[in-house]
Amino acid sequence: MNFDARINHSFRKMTSHTLPPTADTIPAISASHCAPAPSAWIVRFAHLVRPQGSVLDLACGMGRHTRFFSALDHTLTSVDKAPEATRCVADIAETITADIENNAWPLTGRSFDGVVVTNYLWRPLWPLILDSVKPGGVLIYETFAQGNEAYGKPSRPDFLLTPGELLQVCAGWNIVAYEHGLLGQPARVVQRIAAIRPDGAAVPAALLQA
């Protein structure tokens, strides 16, 4: 792992007051025929979601994080445009099959204690994603970033976060952790954040004007 040491040092200071889950409190969910194992980043910061709170798994894929949070006794809403994806978790979550890039946002007026997004980026949705996090709720986000083009797909700038982009998106929120760097097995460059929406925090004006 080759992450920016300065960012990691800041992370250690900022999270010294938080208690990540111990091994005996994390459900033993491994890769299966339906979904691979959950992201280590999501597992690491899942404890920030209010106990038994509501979680939105956006662009849920085959449901690895839906299953992880369901095992932690959260209430799940899982959204994906692929019917086979939402069918995979219909037994444990409210499922919404929707093309959120080309059709109406299916969650208008709703908000959640935790919003989880991995391996997905569509910048026009930033205001809606942020607004779906309740005050005091947490956004846990991880996707590919600039530099990944050296290792494979995605390689188009439209699908790669620029350095510091998630920090800009979450401006005014309480940043628990942020990283941008190279991961292995397989080699890929990712950017990720865990950020808590403070009470009364509005969506940054810059995003509303984008």
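**Group meeting: the cores and cysteines of a predicted model**

Start with Cys170. Leaving aside residues up to four places away in sequence, Cys170 touches Leu130, Leu139, Ile175, Ile193 and Ala195; contact means heavy atoms within 4.5 Å. This is a predicted model, where local features need pLDDT of at least 70, side-chain atom pairs count only at pLDDT 80 or more, and totals for chains, interfaces and linings use all residues. Residues are numbered from 1 along each chain as its sequence is written, and side-chain values use heavy atoms, with hydrogens and water left out.

Is Cys170 buried or exposed? Buried, at 1% relative accessibility. Buried means under 20% relative accessible area, exposed over 50%, partly exposed in between (1.4 Å probe, protein chains only).

Now the cores. A nonpolar core is a set of buried Ala, Val, Leu, Ile, Met, Phe, Trp, Tyr and Cys residues joined through side-chain atoms within 4.5 Å. The largest has 32 residues, and Leu139 and Cys170 touch the most other members. Among the elements that each supply at least two residues of this core are helix 5 (126-131), strand 6 (133-144) and strand 8 (188-196). Helices (H or I, at least four residues) and strands (E, at least two) are DSSP runs, numbered from the N terminus. Another core lies apart, with 18 residues, including Phe45 and Val176.

Next, disulfides: cysteine sulfur pairs within 2.5 Å. The structure holds zero. Take Cys60: the nearest cysteine sulfur, that of Cys88, is 8.4 Å away. Cys60 is buried too, with a relative accessible area of 7%.

Last, the whole chain. It has seven helices and eight strands. Buried residues make up 49% of its 210 residues.
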